[in-house]
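Subject: Structure handover

Hello,

Here is the structure you asked about.

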Amino acid sequence: ISLSAQSVRRVPIPEGTPRMMVAPFRGNESGLGPKVSGQVIDKLTSAIPMKTLFVIPQKAVCDNLQASGFSCDSTPDPITSKLLATQLRADEYLEGMVTRSPAGYKLETRMVLTRDNTMVQPLPTVQGNKLGDLINQLTKNVQDARKQLADERKCELAVANGNAQDGAAAARTALAAYPQSTISRVCLANAYLALKMPPDSIIGVAAKAVEIDPKNRPALALLADAYKAKYDQQKDTTALDKAVDTWAAELAADPKNLRLVEDVTQKIAASGRAQRAKPIIIQAVDDNPGDPSLVHLKWLILQATKDYADAVTTGEQMAQTDTALADTTFFVRQAALYTLINQPQKAAETTARGVAKFKDNASLWSLNSQTQRLAGQTQAAVDAANAAIKLNPKAEHVYLRKAQAEMDLNQTDSAIATLKQALANGEDKNTIGQFLLVLGNNAYKAAADTTHKPTPEAVQSAIGVLAAADRVAPRPQVKFLLGVSYFRL
């Protein structure tokens with residue numbers, strides 16, 4: 001009887017059976033990757049009993065890809081792979097790359113835990129002339145790597161529940177089952193961290209995971225922090241250098257993670273050794289030309305190393321490469337960089353671009369007021385401050401920036417009125433008092449100018465400004481000038 005004539009009976013999946021998805025592999029030839037991943041699914045299905053592992057059929061993967069707007073032959077990115085595996089209820093999934101050359105085939109794969117796609121287990125690379133032999137070897141590698149999974153999960157749960165000692169024991173059992181494990185080493189390092197073991201203990205475990213997988217993000221993070229802890233405890237400068245090197249490697253491994261980039265870049269800057277990280281980041285940019293996330297990382301590192309002129313150039317390149325990266329933070333930092341290299345006009349142009357893109361951002365309008373004033377565009381500074389106040393009367397320093405511009409324009413009455421508004425909106429009294437002291441001092445000097453006969457009105461005007469300063473923030477200088485002005489009057 002032919003297969004088509006037989007009634008196909010669905011075999012139920014045993015309760016609790018682990019599920020694995022194989023994502024369409026990448027390949028250096030059209031169609032090669034999906035073809036090989038399909039063959040891997042078939043081989044895993046026939047080689048591993050269903051009660052041990054259910055390998056999700058290729059059709060189910062294809063159907064879900066198409067439902068999400070992808071073709072069956074498309075290679076999903078890491079985020080899509082995780083979402084796809086989650087939807088198919090896979091506990092883990094395989095990602096791979098197939099390369100065909102005159103020398104034969106090369107198959108590079110890794111097993112990823114669906115619950116946390118930073119937990120990655122690289123599998124040994126297999127090469128040869130016969131694709132079938134490579135798939136057979138990969139199947140064995142998958143079976144070997146999976147021997148660790150049950151105990152690795154016990155480790156994770158134990159550490160999460162505050163039983164780090166049990167977690168460490170489970171991780172050691174997992175390592176005995178699969179000595180090349182990276183994910184079990186990450187869990188063991190986390191257990192050691194929870195047990196407050198010395199940094200060298202964590203370094204030994206995490207460094208081996210990084211040796212196996214140089215781009216293992218959790219291991220890199222644990223290793224860097226352990227080196228930093230060793231430096232803090234022992235003031236070992238070599239450990240600090242290694243921490244910076246490891247942070248840089250962590251950034252290069254995950255440059256699209258903007259939160260990580262901000263956090264780690266700040267750590268590198270605070271270490272005082274940002275120059276060590278710079279070559280690693282620059283090399284990563286050179287190796288991946290046009291990658292906007294790496295250009296963004298380079299921009300941040302150049303700021304940390306105080307290479308402000310290069311940072312400005314890189315920032316402009318970044319904004320052109322990916323306009324999404326030109327957010328409000330970009331315009332603030334880029335304007336600050338232009339100020340640091342003494343280009344106030346460029347700083348003003350930058351904030352003007354910022355408010356043109358983000359018309360409702362009061363903080364950016366307030367900063368634009370400051371940069372316009374520094375560039376000599378005083379009336380534009382007043383206008384920008386007014387725009388910020390209209391959006392948010394409590395925007396940072398907006399009234400002070402407006403008052404300063406009005407003082408530059410010799411609009412004393414307007415400046416005083418603005419400073420009163422600043423006080424009403426919560427600005428620091430001492431700062432406002434200092435502004436009023438400057439205004440009062442200017443008025444006093446004008447009233448005391450011996451080149452012309454002072455008028456009572458001029459002296460009275462000075463008294464009015466000085467009295468306001470004295471009410472807001474009393475100072476000996478104010479009282480002295482106020483007393484002299486009354487004497488003159």
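This is a predicted model: local features need pLDDT of at least 70, side-chain atom pairs count only at pLDDT 80 or more; totals for chains, interfaces and linings use all residues.

Residues are numbered from 1 along each chain as its sequence is written, and side-chain values use heavy atoms, with hydrogens and water left out.

Salt bridges

The count comes to 24 salt bridges (a side-chain nitrogen of Lys or Arg within 4 Å of a carboxyl oxygen of Asp or Glu). Arg-276 pairs with Asp-245, with the closest N and O atoms 2.7 Å apart. This pair links distant parts of the chain, since Arg-276 is in helix H12 and Asp-245 in helix H10, 31 residues apart (helices are DSSP runs of H or I, at least four residues, numbered from the N terminus). Arg-276 is partly exposed at 36% relative accessibility, and Asp-245 is partly exposed at 25% (buried is under 20% relative accessible area, exposed over 50%, partly exposed in between, with a 1.4 Å probe and protein chains only).

Arg-373 bridges to Asp-408 at 2.6 Å between the closest N and O atoms. Arg-373 lies in helix H17 and Asp-408 in helix H19, so the pair ties together parts 35 residues apart in sequence.

Glu-349 and Lys-346 also form a salt bridge, at 3.8 Å between the closest N and O atoms. They are three residues apart in helix H16, which means that about one helical turn separates them.

Arg-115, Glu-152, Arg-153 and Glu-156 are linked in a network of salt bridges.

Helix pair

Helices H19 (residues 398-408) and H20 (residues 412-424) pack at about 170°, with axes 8 Å apart (axes are lines fitted to C-alpha atoms over the stretch in contact, and angles run from 0 to 180 degrees between N-to-C directions). H19 is therefore roughly antiparallel to H20 (angles over 145 degrees).

Buried residues

Ser-184 sits in helix H7 (residues 183-194) and is buried, at 0% relative accessibility. Its side chain makes a polar contact with the side chain of Gln-148 at 2.9 Å (a pair of N or O atoms within 3.5 Å; within protein, one must be able to donate a hydrogen and the other to accept it, and residues adjacent in sequence count only if both atoms are side-chain atoms).

Tyr-444, in helix H21 (residues 429-447), is buried at 16% relative accessibility.

Regards

Notes
Helices (H or I, at least four residues) and strands (E, at least two) are DSSP runs, numbered from the N terminus. Angles under 35 degrees count as roughly parallel, over 145 as roughly antiparallel, 65 to 115 as roughly perpendicular and the rest as oblique.
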